[in-house]
Amino acid sequence: MLRLSQDAEQRLVRRLRRIQGQARGVERMIQEGRDCEEVLEQLAALRAAAHHALLFATRAYLQACADLDPVRSARAVGTLLETLGRLS
(Lines give C-alpha, C1' and ligand atoms only; values in the text may rest on other atoms or scores of the structure.)
Protein backbone atom coordinates (compact mmCIF):
# COMPACT_ATOMS: atom_id res chain seq x y z
CA MET A 1 0.00 0.00 0.00
CA LEU A 2 1.33 3.42 -0.99
CA ARG A 3 1.07 6.10 1.69
CA LEU A 4 1.97 9.75 1.92
CA SER A 5 4.63 10.91 4.32
CA GLN A 6 3.25 12.33 7.55
CA ASP A 7 4.24 15.87 6.51
CA ALA A 8 2.62 15.53 3.06
CA GLU A 9 -0.52 14.06 4.60
CA GLN A 10 -0.84 16.96 7.04
CA ARG A 11 -0.26 19.53 4.30
CA LEU A 12 -2.82 17.89 2.01
CA VAL A 13 -5.40 17.71 4.79
CA ARG A 14 -4.89 21.44 5.50
CA ARG A 15 -5.43 22.20 1.80
CA LEU A 16 -8.59 20.10 1.73
CA ARG A 17 -9.97 21.83 4.81
CA ARG A 18 -9.42 25.21 3.15
CA ILE A 19 -11.22 23.90 0.05
CA GLN A 20 -14.13 22.76 2.24
CA GLY A 21 -14.30 26.26 3.72
CA GLN A 22 -14.32 27.77 0.24
CA ALA A 23 -17.12 25.43 -0.82
CA ARG A 24 -19.19 26.39 2.22
CA GLY A 25 -18.59 30.05 1.37
CA VAL A 26 -19.82 29.55 -2.19
CA GLU A 27 -22.86 27.70 -0.87
CA ARG A 28 -23.65 30.68 1.39
CA MET A 29 -23.20 33.07 -1.52
CA ILE A 30 -25.73 31.11 -3.58
CA GLN A 31 -28.22 30.97 -0.70
CA GLU A 32 -27.84 34.71 -0.16
CA GLY A 33 -28.57 35.35 -3.84
CA ARG A 34 -25.20 36.97 -4.52
CA ASP A 35 -24.35 38.20 -8.00
CA CYS A 36 -23.67 35.35 -10.43
CA GLU A 37 -20.31 36.85 -11.46
CA GLU A 38 -19.10 36.73 -7.84
CA VAL A 39 -20.31 33.13 -7.45
CA LEU A 40 -18.63 32.05 -10.68
CA GLU A 41 -15.36 33.73 -9.64
CA GLN A 42 -15.40 31.84 -6.37
CA LEU A 43 -16.24 28.57 -8.12
CA ALA A 44 -13.25 29.12 -10.42
CA ALA A 45 -11.05 29.75 -7.36
CA LEU A 46 -12.41 26.58 -5.77
CA ARG A 47 -11.63 24.60 -8.91
CA ALA A 48 -8.08 26.01 -8.99
CA ALA A 49 -7.55 25.12 -5.33
CA ALA A 50 -8.73 21.55 -5.97
CA HIS A 51 -6.42 21.32 -8.99
CA HIS A 52 -3.44 22.47 -6.91
CA ALA A 53 -4.33 19.92 -4.22
CA LEU A 54 -4.37 17.23 -6.92
CA LEU A 55 -0.94 18.31 -8.18
CA PHE A 56 0.46 18.37 -4.65
CA ALA A 57 -0.92 14.90 -3.90
CA THR A 58 0.41 13.51 -7.18
CA ARG A 59 3.92 14.82 -6.47
CA ALA A 60 3.80 13.50 -2.91
CA TYR A 61 2.65 10.04 -4.02
CA LEU A 62 5.33 9.92 -6.71
CA GLN A 63 7.95 10.81 -4.11
CA ALA A 64 6.62 7.99 -1.95
CA CYS A 65 7.02 5.66 -4.95
CA ALA A 66 10.71 6.52 -5.13
CA ASP A 67 11.12 4.94 -1.69
CA LEU A 68 9.74 1.59 -2.89
CA ASP A 69 11.63 -1.21 -4.54
CA PRO A 70 11.66 -0.93 -8.37
CA VAL A 71 8.88 -3.48 -9.01
CA ARG A 72 6.49 -1.98 -6.45
CA SER A 73 7.42 1.52 -7.62
CA ALA A 74 6.60 0.72 -11.26
CA ARG A 75 3.28 -0.82 -10.23
CA ALA A 76 2.40 2.19 -8.06
CA VAL A 77 3.28 4.67 -10.82
CA GLY A 78 1.14 2.67 -13.26
CA THR A 79 -1.79 2.81 -10.86
CA LEU A 80 -1.36 6.56 -10.38
CA LEU A 81 -1.28 7.11 -14.14
CA GLU A 82 -4.48 5.08 -14.57
CA THR A 83 -6.15 7.15 -11.87
CA LEU A 84 -5.03 10.42 -13.46
CA GLY A 85 -6.28 9.16 -16.83
CA ARG A 86 -9.80 8.87 -15.40
CA LEU A 87 -9.83 12.58 -14.48
CA SER A 88 -10.52 13.83 -17.96
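Buried here means under 20% relative accessible area, and exposed means over 50%. With that in hand, here are the views of this predicted model.

View 1. The protein chain has three helices and zero strands, and its pattern along the sequence reads α-α-α. The C-alpha trace spans about 55 × 25 × 15 Å along its principal axes. A compact globule of 88 residues would come out near 12 Å in radius of gyration, but this chain has 17 Å. Buried residues account for 23% of the 88 residues. The accessible surface is about 6700 Å², with 55% of that belonging to carbon and sulfur atoms. Of the contacts between residues at least 6 apart in sequence, 61% join residues at least 24 apart.

View 2. Helix α1 covers residues 6–31. Its 26 residues reach 37 Å from first C-alpha to last, close to the 38 Å expected at 1.5 Å a residue. Zoom in on A8, L12, I19, G25, V26 and M29 and you have the buried residues of α1; they pack against α2. After α1 comes G33, with a positive phi near 75°.

**View 3. The largest nonpolar core has nine residues.** The members are L4, A8, L12, I19, L46, A53, F56, A57 and A60. Both α1 and α2 supply at least two residues each, and α2 gives the most, with five.

View 4. Helix α3 runs over residues 70–85, 16 residues in total, and reaches 22 Å from its first C-alpha to its last, close to the 22 Å expected at 1.5 Å a residue. S73, A76 and L80 are buried in α3. Seen down the axis, the buried residues of α3 fall within an arc of 65°, so they line one face of the helix. The general rule behind this kind of pattern is that an α-helix has 3.6 residues a turn, so residues three or four places apart point the same way. The buried residues of α3 pack against α2, residues 36–66.

Methods:
Residues numbered from 1 in each chain as written. Predicted model: local features only at pLDDT ≥ 70, side-chain atom pairs only at ≥ 80, totals over all residues. Heavy atoms only, no water. Helix = DSSP H or I, 4+ residues; strand = E, 2+ residues; numbered from the N terminus. Expected span 1.5 Å × (residues − 1). Buried < 20%, exposed > 50% of the residue type's maximum accessible area, 1.4 Å probe, protein only. Arc of directions from axis to C-beta. Contact = heavy atoms within 4.5 Å. Core = buried A, V, L, I, M, F, W, Y, C linked by side-chain atoms within 4.5 Å. Rg over C-alpha atoms; globule rule 2.2 N^0.38 Å. Areas by Shrake-Rupley, 256 points an atom, 1.4 Å probe, with all protein chains shown as cover.
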